[in-house]
Amino acid sequence: MSRSIRTITAAAAALLLATACNSASTGGASEGDGKGGSSVRGVTADSVKVGGIVSMTTASGYSKKDTDLGAKARFDRANAEGGVHGRTIDYLGAEDDGQDPGKNLAAARKLVQREKVFAISPMSSVTFSGADFLQKQKVPTFGWGTVPPFCGPDYMYGFGGCMVPMPGGTITQSWPEGLKKVMGGAKGKSVAILANDNDAGTFAIRTYKQSFAAAGYEVTYAKSTVPATSVPSDWSAYTKEILRSDGGKAPDAVVSVMQTPYNIGLFTAVKRAGFKGVITDPTDYDPGLLAKSATKKALDGVHVLLTFQPFEQDTADMRQFKKDIRKAAGKDVPLNMHMMTGYMSADLFLAIAERAGKDLTLDSFQRAADNYSDTGTMVGDRKLREGQKESFGCGALVQLRDGKYSVSSPFKCYEPIPFK
């Protein structure tokens with residue numbers, strides 16, 4: 001292992017979708033809470049204590065607060081159905097790390113040392129600085145595997161697998177392959193890829209340059225040059241380069257690997273410059289973004305990558321998800337990808353805990369995770385421990401048009417490619 005979890009995490013701080021060392025410490029493995037005669041941290045005769053860490057507030061205004069609601073919805077249903085082998089899930093809710101590395105570590109320490117949780121689910125932050133601590137304390141941790149700590153360590157589980165290509169691993173092809181349906185294939189089609197000017201952006205460019213090229217597109221532009229510390233007020237320098245990148249003309253598609261505030265600025269600028277091609281990103285699947293007319297206009301026509309079934313897809317699992325969210329929220333609420341992050345993080349934890357049996361310990365939980373698999377979930381076919389090395393390879397695209405999302409490329413699993 002050439003780099004620590006903390007170092008690699010810094011390199012993926014802003015990367016959401018494409019963007020480890022295995023500690024052997026036994027610290028914290030048997031810290032019980034003294035209740036019900038259990039010597040296992042967070043486990044009593046009738047409950048299992050779980051907490052979350054979520055970036056509910058950020059400097060840019062981007063929020064993942066609904067991740068907490070998604071987790072609560074799934075845990076509530078589990079409890080209504082009798083819990084896991086008679087134990088209810090005592091979900092403490094999520095700590096807000098403010099997308100700050102120091103607060104992320106502090107939240108992890110609080111949940112483990114003070115609250116004595118058995119597991120962290122969900123963990124949704126791009127500043128996962130608490131990963132080393134949680135791994136050493138042997139705390140099963142569940143989240144969206146878009147940051148490197150979910151790729152390798154024994155106690156970290158991405159609900160869609162490891163979404164970050166690692167040396168010797170693979171790259172999921174759901175984005176470029178899904179776009180083929182939108183663009184009528186890849187032959188003769190060019191793409192321009194833009195990311196932030198940090199290590200995460202550099203990593204994203206390296207990843208998606210390979211990914212789109214392998215799918216048959218011509219990558220005419222791939223740069224990580226947008227300031228990561230603040231959203232630019234003037235996008236003209238970027239749009240000029242992008243819209244001349246294909247031999248002096250615009251590419252067929254503009255691909256952004258950035259968060260929503262950046263995407264709004266970039267997409268508004270390229271549209272004003274007359275771009276008529278495909279615009280796509282992995283972030284903006286959120287009806288709440290449509291409340292402001294300027295935001296709604298900026299994102300209109302954009303194809304958004306998902307690594308789970310779209311809400312618009314009518315399946316039994318999706319109907320159950322919507323019912324659970326409605327019940328947990330106490331009313332009908334606009335659905336978003338953060339809810340799904342929390343829900344599926346909780347769902348994978350529950351699936352493994354159920355497999356672990358009545359005698360729930362860290363050892364029985366980890367044994368249950370070994371060779372765990374199931375099929376047909378809202379993130380595709382899950383398989384462990386393979387999911388700690390590569391993604392489950394599934395995805396869909398939805399397009400925002402006239403204030404509504406529709407499926408532009410159905411949810412499907414694709415063969416990955418080697419990461420170089």
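Modeller: Helices (H or I, at least four residues) and strands (E, at least two) are DSSP runs, numbered from the N terminus. This is a predicted model, in which local features need pLDDT of at least 70 and side-chain atom pairs count only at pLDDT 80 or more, while totals for chains, interfaces and linings use all residues. Residues are numbered from 1 along each chain as its sequence is written, and side-chain values use heavy atoms, with hydrogens and water left out.

Colleague: What follows helix H5?

Modeller: H5 is followed by Gly184, which has a positive phi near 75°. Likewise, Gly82 comes after helix H2, and its phi is positive, near 105°.

Colleague: Which residues other than glycine have a positive phi?

Modeller: Most residues other than glycine have a negative phi, and most peptide bonds are trans. Here Lys116 has a positive phi of about 60°, and Asn371 has one near 65°. Lys116 belongs to the loop between helix H3 (101-114) and S3, whereas Asn371 sits in the loop between helix H12 (362-369) and S12. Buried means under 20% relative accessible area, exposed over 50%, and partly exposed in between (1.4 Å probe, protein chains only). Lys116, at 25%, is therefore partly exposed; Asn371, at 67%, is exposed.

Colleague: Where are the cis peptide bonds?

Modeller: One joins Ser121 and Pro122, with omega about 10°, and Pro122 is part of strand S3. Another runs from Leu384 to Arg385, with omega near 5°; Arg385 is in the loop between strand S13 (380-383) and S14.

Colleague: In what order do the seven strands of the open sheet lie?

Modeller: Strands of a sheet pair through backbone hydrogen bonds, either parallel or antiparallel. The order here is S8-S7-S9-S10-S11-S14-S15, with mixed pairing. Strand S8 (218-226) and strand S15 (404-413) are the edges, each pairing on one side only. From one strand to the next the twist averages 20°. Within this sheet, the parallel strands S9 (residues 253-256) and S10 (residues 278-281) are joined by three bridges; Val254 has Ile279 as its bridge partner in S10.

Colleague: What do the buried residues of H5 pack against?

Modeller: They pack against H6, S9, S10, strand S11 (303-306), strand S14 (394-401) and S15. Trp175, Leu179 and Met183 are among the buried residues of H5.

Colleague: How far does helix H2 reach from its first C-alpha to its last?

Modeller: The expected span of a helix is 1.5 Å times one less than its number of residues. H2 (residues 66-80), with 15 residues, reaches 21 Å, close to the 21 Å expected. Its buried residues include Leu69, Ala73 and Phe75, and their cover includes strand S1 (47-54), strand S2 (88-96) and helix H10 (316-329).

Colleague: Which side chain of opposite charge is nearest to Lys189?

Modeller: Lys and Arg count as positive and Asp and Glu as negative; His and the chain ends are not counted. A salt bridge is a side-chain nitrogen of Lys or Arg within 4 Å of a carboxyl oxygen of Asp or Glu. For Lys189, which is buried, the nearest such side chain is Asp252, 6.2 Å away, and there is no salt bridge. Lys189 lies in the loop between helix H5 (174-183) and S7. Setting aside residues up to four places away in sequence, Lys189 touches Met183, Gly184, Tyr217, Glu218 and Asp252.

Conventions:
Two strands pair if DSSP finds at least two bridges between them. Axes are lines fitted to C-alpha atoms, for helices over the stretch in contact, and angles run from 0 to 180 degrees between N-to-C directions. Contact means heavy atoms within 4.5 Å.
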